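This report walks through one protein chain for a reader who has not seen it before. Please look over the sequence and the model first.

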Amino acid sequence: MADNVTSLFRSTAAHSPSMAALTREGGDGAAGPVDFCIPCNPYFPTPAMFDDMAMRLRDIITYYPSSADTITAELCSLLQLPPQCVAMGNGSTELITWIDHLLVRESLAVPVPTFGRWTDQPMETGKRVDMFPLQESNGFALDLGQYAEFIRSRGTRVAVVCNPNNPDGGFQHKLALVQFMDAMADLDLVVIDESFLEFADAEAEPSVVQEAMLRPNVVVLRSLGKNFGLHGIRFGYLVANPALAGKVRAMLPKWNLNSFAEHVVFMLKEHGSEYQQSLQQVRRDRLDMASQLSQLPGLTVYPSQGNFLFVRLPVGAEGTVVRDRMLTEHRILVRECGNKIGSSSRFLRLVVRPQVDVRRLVSGLEQVLYGTRRGAAVPELATGTGYSSGTAAVDRLVSETNGAGMQGLAAQAMAVGAVQGLPAGIGMPLPAAAPLGGGMPMPAAAQTGMQQPVAATPAPAPLPMTGPTPVPAPMAVPAPVPMATPVPMATPVPMAAPVPMAAPVPAPVAMVPAPAPMQAQMPLPGPTPPGVPARGGLTAAQVRGTTGPGVPGLSTAPATGWPSAADQAQSWPNAAGMGQVG
């Protein structure tokens, strides 16, 4: 059974196998594993909502659904959005596909690691994908000024920002995103993927939905399955100005939304309070889960505004081994990120779940990582470099040259001091759109007087378009290992010998030897190999495993508490997701 289950992961490319497939391979009619892999809301729908759907199951699956226009109109009434600015799809992935086919002409830029369809979909249709590596040494934080400079240097025509980003949960404040959208006003398209934004609490109203409707080249993508805990129903929507939204909507089938999606959308107006409370509970659980995981020796937990946490395993631990043992020995499913471009097998994405499940997760990780004692990862977990998708030599090469033999770009991305800002002369944010219609009340994402999370940074001042923008790094880190320091070739290099380090502080790469032939024969990156549509950009092979020196630890955020009685009395949230009333 163990071999059958773990083999499923080797045949799913950039994604995990479905829960149905794992359950089938488990055999004996056993229930599926505890799911720390699929990022959905564990508190919604409520048991009463499931009971209602169960009673109506026969009618739901027997009859045709209403047209997509009818279902979209109901959702827009709930979220106070104009229907002409909205297109609903059979999951956000369907909308990403149509965005690529209709709105992406030649090239697309996206920070990595990120959701795999933003890299894979345009590459499948022959587009050039310019991948902007997020540096581990900076906590995978995205600097929008550096990203804008990268886009200009590559001449990219479409820019994507995921907020929060998947898998690391990195967050961008609304003001910074509005300035970025205005600075990129001459591009064919700017996409802001807000699939996980409703789980954020760093800002009261973080969504740029209202601003997107006023701009000619901005699309905002939103997920319903993730927020509502119903991935299997497959529904999501995009918001844009009427011309862009109408272009996508015209290509969608008349019945691209199923009867389950229709039933859920029409019952949501009666359950706004329960939905709001579920979001608050997920935020509390995220803080508690981060606190518990950060106590494991050698495990690094990165700040997140999503409903998941990005963690780096201790030195010597191989993510695929940890994933397989957690599944077969503890029936816990985790997301190993070695097949995500820009990540490696030393990283896991762990979905936020109730405390009882988190205690089981922590107990399982203790046994798998440390055996019967805590303090150091067990030696048998070390396999080569610890990376499933590259060697230490490739990692250092990509880190120094930004994956394309271009010295200086990676150094700029990793610099602790001042960095280049957005281009001058553009970036004046347009006035925010006034709420459309009457507007139903929205939940309070950040209450007055509540303790704010430490991991969430305060709202920034406007990004200066004419000067450098200081970006503090999480902490000082050692300089990357220079490429000019080769492994001595006078005598054969044994596999167990570590690579000589330039700095006295050991880094994770130095603890795991890289094969000598790779360092001796590694060619400098040249033109993109034939057949790979990445002219002048980074390919998957060039950016996989681009993680710099590790950060020993990042502080977790304190709990923010339950919403007040007044907040629980609020009705359904609007499209911004986090708004406050009064």
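A disulfide is a pair of cysteine sulfur atoms within 2.5 Å.

## Basis of the report

The model is predicted: local features need pLDDT of at least 70 and side-chain atom pairs count only at pLDDT 80 or more, while totals for chains, interfaces and linings use all residues. Residues are numbered from 1 along each chain as its sequence is written, and side-chain values use heavy atoms, with hydrogens and water left out.

## Cysteines

A disulfide is a covalent bond between the sulfur atoms of two cysteines. The structure holds 0 disulfides. For cysteine 76, the closest cysteine sulfur belongs to cysteine 85, and at 8.5 Å it is too far for a bond. Cysteine 37 has its closest cysteine sulfur in cysteine 337, and the 8.7 Å between them is again too far for a bond.

Burial is judged by relative accessible area: buried means under 20%, exposed over 50%, and partly exposed in between (1.4 Å probe, protein chains only). Cysteine 76 is buried, with a relative accessible area of 4%. Cysteine 37 is buried as well, at 1%.

## The open sheet

Helices (H or I, at least four residues) and strands (E, at least two) are DSSP runs, numbered from the N terminus. Two strands pair if DSSP finds at least two bridges between them. An open sheet of 5 strands has the order E1-E11-E12-E10-E9, with mixed pairing. Its edge strands are E1 (34-36) and E9 (300-301), each of which pairs on one side only.

Within this sheet, strand E11 (residues 332-336) and strand E12 (residues 347-351) run antiparallel and are joined by 2 bridges. Arginine 335 has arginine 349 in E12 as its bridge partner.

For packing, contact means heavy atoms within 4.5 Å. Axes are lines fitted to C-alpha atoms, for helices over the stretch in contact, and angles run from 0 to 180 degrees between N-to-C directions. H14 lies across E1, E9, strand E10 (308-312) and E12, and runs at about 15° to E10. H16 also packs on the sheet, where it touches E1, E11 and E12; its direction makes about 85° with that of E1.

How far apart are the end C-alpha atoms of helix H14? The expected span of a helix is 1.5 Å times one less than its number of residues. The 22 residues of H14 (residues 272-293) should therefore span 32 Å, and the end C-alpha atoms are 32 Å apart, which agrees. Most of this helix is covered, as 16 of its 22 residues are buried.

Valine 362 is located in helix H16 (residues 355-370). Its relative accessibility is 11%, so valine 362 counts as buried. Leaving out residues up to four places away in sequence, valine 362 touches Gln292, Leu293 and Leu296.

In strand E3 (residues 107-112), 6 of the 6 residues are buried. Ser107, Ala109 and Pro111 point one way from E3, while Leu108, Val110 and Val112 point the other way.

E3 pairs with strand E4 (residues 128-133) in the parallel sense over 6 bridges. Valine 112 stands opposite proline 133 in E4.

## Salt bridges

A salt bridge is a side-chain nitrogen of Lys or Arg within 4 Å of a carboxyl oxygen of Asp or Glu. The structure holds 18 salt bridges. One of them joins lysine 269 to glutamate 74, with the closest N and O atoms 3.7 Å apart. Lysine 269 lies in the loop between helix H13 (259-267) and H14, and glutamate 74 in helix H5 (residues 68-79), so the pair ties together parts that are 195 residues apart in sequence. Lysine 269 is partly exposed at 46% relative accessibility, whereas glutamate 74 is buried at 15%.

Another salt bridge joins arginine 222 and glutamate 198 (2.9 Å, N to O). This pair links distant parts of the chain, 24 residues apart: arginine 222 is in strand E7 (residues 218-223) and glutamate 198 in the loop between strand E6 (189-193) and helix H10 (209-212). Arginine 222 is buried at 1% relative accessibility, and glutamate 198 is buried at 6%. Elsewhere, salt bridges that share partners join Arg105, Arg157 and Asp188 into one network.
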